[in-house]
Amino acid sequence: MAQLWGGRFTGKTDQMVYDFNASITFDKRLFKQDIEGSIAHVIMLARQGILTGGEKDSIIKGLTGIRNDVEEGRLSITGEYEDIHSFVEAVLTERIGEAGKKLHTGRSRNDQVALDMKLYTRLEVLNVTECLRELLETLLRIMEGNLATYMPGFTHLQKAQPTTLAHHMGAYFEMFKRDVLRLQDIYKRMNYCPLGSGAFAGTTYPLDRDYTSSLMGFEGPTLNSMDSVADRDYLIEFLAALSTIMMHLSRFSEEIIIWNSNEYRFVEIDDGFSTGSSIMPQKKNPDIAELVRGKTGRVYGALMSLLTTMKGIPLAYNKDMQEDKEVAFDAIDTVKSCLILFNGMLSTIRFNHKVMEQSAMRGFTNATDAADYLVNRSVPFRDAHEIIGRLVLYCLEKNTSIDALSLEELKEISPVFEADVYEAISLKTCVEKRLTVGAPGREAMEDVIGKNREFLKALSEDTNVNNEE
């Protein structure tokens, strides 16, 4: 049992208690962040005269060697250590001697783990943002290529009015764009450094917390040492944002599943992103979409788990907070894999344009425009609504569509109809005359697509800046 405490104790810790208390099995993924924070801490200690220059150089060389050896597989993080902090410090001391014991000067595991988790979360916020950026690029490509791909729009899962595939994809672009903005907001709010807060009351050593913060790219130090070690709000916010991302992915997946059905046939999923049945040879299942939809509950569970863990914890640090890691790690991994796989599926999917258009024509999606046609010829709206209702009923009885009726049939229901009604209720006209901001008409959509391009350009520039940092 390699641990950072023990002087107060005369008895040996029960093995089951030790195993229950240990976190090395999951917090070992924080080894890069632990070493990054330790290097910054040591540089600051030397600058403040708390360590000598020689001690600083020795410790940094040792820490860099540990990081390289772990990354390249020459050193394994094993269960004999209680946590990642004890692993790093024990191996460091073993390699460089007494100087290694000075690494922990002026800090506690409480502010150390708070820093590690914040560094890790900050990085993953950027990683998830990049996954979203790639998905948004795919959506924009689909929008640009489908301004005239007509399809039915739905309310209550019933065909409502005609729209375009570009417009439909644009709705998801807006959802995922908001997800990006949420992550950017979280990044700004969380980007303050807890290191130097000690166990919860700071330290008597003359630490320069501003300098340490700047070394790791933080805006500055956190301003209350108690809150610094007890805060997991940033992680709760991140899990909430991840849950919202999964909700959006799940809604999108549901539509792909419906569109993939024999009844709709709006899409053909690429063979690489679907599976067959072990017994029914005709099946081609939308498994990726179904799994994304199913894994949404898993991410929701992580959020609820951490909220429940934190709700009864008094200040400052309590061991309960160790429960933040496993659920967060799993949720982050789940969301990234879902985004990557969903984007792969969407980027290779084939949209059946003709089927979509025929579905819009058969679904009376131009009924509202037919009513507007009558209103524009001085028929009161309520009367026009009733006339078109009778017209739809007639079409249902004849198993046809409004635009397939002869002018004589239309005039039997209302003499106001003239030959120009066919142009007025064509899918192209129904869509293209809708030009208000956010509508599916080409002019309105081209304006939105331009704004979306600018958004992605700015996002790519931000990503490049963060990568350079």
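Contact, in these exercises, means heavy atoms within 4.5 Å. The structure is a predicted model.

**Exercise 1. Determine where Thr-163 lies, whether Thr-163 is buried or exposed, and what Thr-163 touches.**

Step 1. Thr-163 belongs to strand β2, a strand that spans residues 158-164.

Step 2. The relative accessible area of Thr-163 is 7%. Buried means under 20%, so Thr-163 is buried.

Step 3. Residues within four places in sequence are set aside; the contacts of Thr-163 are then Thr-149, Tyr-150, Met-151, Pro-152, Gly-153, Val-431 and Pro-440.

Step 4. The side chain of Thr-163 also forms a polar contact of 2.8 Å with the side chain of His-167.

**Exercise 2. Describe the surroundings of Pro-162, and state how far Pro-162 is from Lys-325.**

Step 1. Pro-162 is placed in strand β2.

Step 2. With a relative accessible area of 4%, Pro-162 is buried.

Step 3. Not counting residues up to four places away in sequence, Pro-162 touches Met-151, Gly-153, Thr-365, Asn-366, Leu-427, Cys-430 and Val-431.

Step 4. Lys-325 is 163 residues from Pro-162 along the chain, and their C-alpha atoms are separated by 47 Å.

**Exercise 3. Characterise the second largest pocket by its volume, its lining and the classes of its residues.**

Step 1. The volume of this second largest pocket is about 630 Å³.

Step 2. Its lining consists of 28 residues, and those nearest the centre are Gly-153, Phe-154, His-167, His-168 and Ala-171.

Step 3. At least two lining residues come from each of β1 (150-155), β2, α7, α10 and α19. The largest share, seven residues, is supplied by α7.

Step 4. Sorted by class, the lining holds 14 nonpolar, nine polar and five charged residues.

**Exercise 4. Identify the largest nonpolar core and the elements that supply it.**

Step 1. This core has 74 residues, and Leu-139, Leu-242 and Leu-249 have the most contacts inside it.

Step 2. Among the helices that each supply at least two of its residues are α6 (109-145), α7 (165-190), α10 (233-260) and α19 (442-468). The largest share, 14 residues, comes from α10.

Step 3. Another core lies apart from this one; it has 23 residues, including Leu-51, Val-70, Leu-75 and Leu-103.

Step 4. Leu-249 may be examined individually: beyond its neighbours within four places in sequence, Leu-249 is in contact with Leu-135, Phe-176, Val-292, Cys-338, Leu-339 and Phe-342.

Conventions. Residues numbered from 1 in each chain as written. Predicted model: local features only at pLDDT ≥ 70, side-chain atom pairs only at ≥ 80, totals over all residues. Heavy atoms only, no water. Core = buried A, V, L, I, M, F, W, Y, C linked by side-chain atoms within 4.5 Å. Buried < 20%, exposed > 50% of the residue type's maximum accessible area, 1.4 Å probe, protein only. Helix = DSSP H or I, 4+ residues; strand = E, 2+ residues; numbered from the N terminus. 1 Å grid on protein atoms, 1.4 Å probe; cavity = no way out; pocket = protein on both sides within 12 Å on 5 of 7 lines; lining within 4 Å. Points joined across faces, edges and corners; volume = space filled by probe spheres on them. Nonpolar A, V, L, I, M, F, W, Y, C, P; charged D, E, K, R; others polar. Polar contact = N/O pair within 3.5 Å; in protein donor to acceptor, adjacent residues only side chain to side chain.
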